[in-house]
Amino acid sequence: MALMWLAARWARETGWPGKLLVGVVDHGLRPEAADEAKLVQREARKLGLKPHVLKWTGPHPRTGIPAAAREARYELLFGLAGKCGAIVLTAHTQADQAETLLMRLARGSGVDGLAGMDIHSMRNGIELLRPLLGVSRERLRATLREAGLSWIDDPTNENTAHERVRVRKALGVLEGLGLTREAIALSARRLGRARAALEVATGGLMQVAVRIEANSYAEIELERWLHGPAELQVRSIMELARLFGGGQEISLSGAERVRDWMTGERSRATTFAGCRFARRDKVIIAGREPARVDPVPVAMCGAGSRSVVWDNRYEIAVAARLLPAEVLPAAGVKELERPRGIPDFVWRGLPVVKTAGGELFAPVECAGAGQGPVFRLIQAPMQVRRQAGT
C-alpha cells in the first residue's frame, strides 16, 4: 500500500509520462484473500492507477508454501510486466533485508548470499527495483497514517511454522544485544559493494585464464587459473555453470568441490550443476553434461517460431526460409559428423537445427552444417560474452 501511494505521488509530482500498473496477487491461500485484493483494487483506482488481479491457480504444495508462493508471485508479476513492457517494483523493506541476511547466514552463505537482496536486478530479462529496501516498516506505516490510508497485516506473518517469521521474532531479542535491523542491513549494503568488486575481479581472472571455444565450451588454462585467489576460482566455476549448465541449481558448496578437484584430485572428470569438467593436458574443459539435455525435439513451425531458447543455453534464431525446422541435441543426429577438436561430450550436448528439407546447422563449423541460424549463448557473464563474440 505504501509503495503504491508513494509511486503514484512520485509520478504525479514529476509529471512522469508513463503508466503505473498495480499487480494484485491473490494466492488463494486464505478465504480473506479475495476481499483483500478487492480493497487494494479500490485504493489503486482512487489513486488513478489500473489494478490487475493475478491469481495463483493450480495445485498448491503442502510444504514449503512461503517459497512456492513467492515464486508464484514473481512469475505472475513478471508475466504481467512482460506483456506490458514494464519494470517491476516491489516493497521489500529494511526488515526484509535483515531477515534475509540472517536466514542465509544460518545456511552458511558466502558473500553473495550475505549481500542480501539487490536494489536493482534483472529477472527473466525484466528489471526489478526495490526502492524501499533501506526504509523501515515503521516509517512506511507512519507514511500511510499521515496520508490517511489503512493497510492489512497478513496473519501468516505471525505463523512461527515459517522460517522468516521465526527469524523476525528472534530479531527482537538480538536488538537487545545491539544487533539491530539497521545494523544488519548496513552490513548487507557493504557486502554488496564487496560482491560487486569480486565480480569485476572474477571477470579479470576469466579474461586471462578462460577461453570460450567454438561458441560451445570453455577451456580453462590451469597454470594461469591457479594464480587467482581461491574465491575468484570458485566464482569462475559458478560463472561457467551459469553459461553451460542449462539453468541447473548452482550451489557454493558444489563449486568449492569442483575447485578442490581442479587443484588436487587427478580423476579425469567431475560434474556440477549440469556441467561436465574434464581434464585434457594442461587445461580443463567445461561444457554441458549431455545426459542432462532433453532429447525431445523442439519444433519451429511458423513466423512466430523464428527464435527459441534451447536448453536454457542458446537463443536460436532461424530465417523464415528455413522453416519449418526442429532443434535437437547432436547426440540424436547421426547424419552430422563431430568436428575435429570438439570434445565428444560437448558435441553430444550441442543443438542442431534440422530443416524439413534435411539441412543441418550447428553452433560449430562442421561438414554439412552450412550457414543459416544464429546460435547465441545467453547466460554468459559480460566478460565471457565478449570473448565468445556473441
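This briefing describes the sheets, helices, nonpolar cores and cysteines of the structure shown above.

The model is a predicted one. Three strands form an open sheet of mixed pairing, and an open sheet of five strands shows antiparallel pairing. The largest nonpolar core has 60 residues, and the structure holds zero disulfides.

**The three-stranded sheet**

- The strand order in this open sheet is E3-E5-E4, and the pairing is mixed; its edge strands are E3, at 88–89, and E4, at 120–123, each of which pairs on one side only.
- Strand E3 and strand E5, the latter made of residues 126–129, pair in the parallel sense over two bridges, and within this pairing Val-88 has Leu-128 of E5 as its bridge partner.
- Strands E4 and E5 run antiparallel and are joined by four bridges, with Arg-123 standing opposite Ile-126 in E5.
- The hairpin of E4 and E5 has two residues between the strands, and in that hairpin Asn-124 takes a positive phi near 55°.

**Helix H3**

- Helix H3, residues 65–84, lies across E3, E4 and E5, and runs at about 120° to E5.
- The 20 residues of H3 reach 28 Å from the first C-alpha to the last, which is close to the 28 Å expected at 1.5 Å a residue.
- The buried residues of H3 are Ala-69, Ala-72, Tyr-74, Leu-77, Phe-78, Leu-80 and Ala-81, and what covers them includes strand E1 (21–26) and strand E2 (50–55) as well as E3, E4 and E5.
- Just after H3, Gly-85 takes a positive phi of about 65°.

**The five-stranded sheet**

- The order of the strands in this open sheet is E6-E7-E10-E9-E8, with antiparallel pairing; strand E6 (210–213) and strand E8 (269–272) are the edge strands, each pairing on one side only, and the twist averages 25° from one strand to the next.
- Strand E8 and strand E9, the latter comprising residues 275–280, run antiparallel and are joined by four bridges, and Thr-270 stands opposite Phe-277 in E9.
- Helix H8, residues 181–209, packs on the sheet and touches E6 and strand E7 (217–221), its direction making about 65° with that of E6.
- Helix H11, residues 252–263, also packs on the sheet, where it touches E7, E8, E9 and strand E10 (283–288), and its direction makes about 165° with that of E8.

**Nonpolar cores**

- In the largest nonpolar core, which has 60 residues, those with the most contacts inside it are Met-262, Phe-277 and Ile-316, while helix H10, residues 230–244, gives the most to this core, with eight residues.
- With neighbours within four places in sequence left aside, Phe-277 is in contact with Ile-237, Val-258, Trp-261, Arg-268, Ala-269, Thr-270, Phe-272, Ile-284, Ile-285 and Ala-286.
- Another core, of nine residues, lies apart from the largest one, and among its members are Leu-101, Leu-114, Val-167 and Ile-184.

**Cysteines**

- The structure holds zero disulfides.
- Cys-84 is partly exposed, with a relative accessible area of 41%, whereas Cys-301 is exposed, with a relative accessible area of 55%.
- Cys-301 counts as exposed because its relative accessible area of 55% is over the 50% that the term requires, and Cys-84 counts as partly exposed because its value of 41% falls between the limits of 20% and 50%.

Methods. Residues numbered from 1 in each chain as written. Predicted model: local features only at pLDDT ≥ 70, side-chain atom pairs only at ≥ 80, totals over all residues. Heavy atoms only, no water. Pairing = 2+ DSSP bridges. Contact = heavy atoms within 4.5 Å. Axes fitted to C-alpha atoms, helices over the stretch in contact; angles between N-to-C directions. Expected span 1.5 Å × (residues − 1). Buried < 20%, exposed > 50% of the residue type's maximum accessible area, 1.4 Å probe, protein only. Core = buried A, V, L, I, M, F, W, Y, C linked by side-chain atoms within 4.5 Å. Disulfide = S-S within 2.5 Å.
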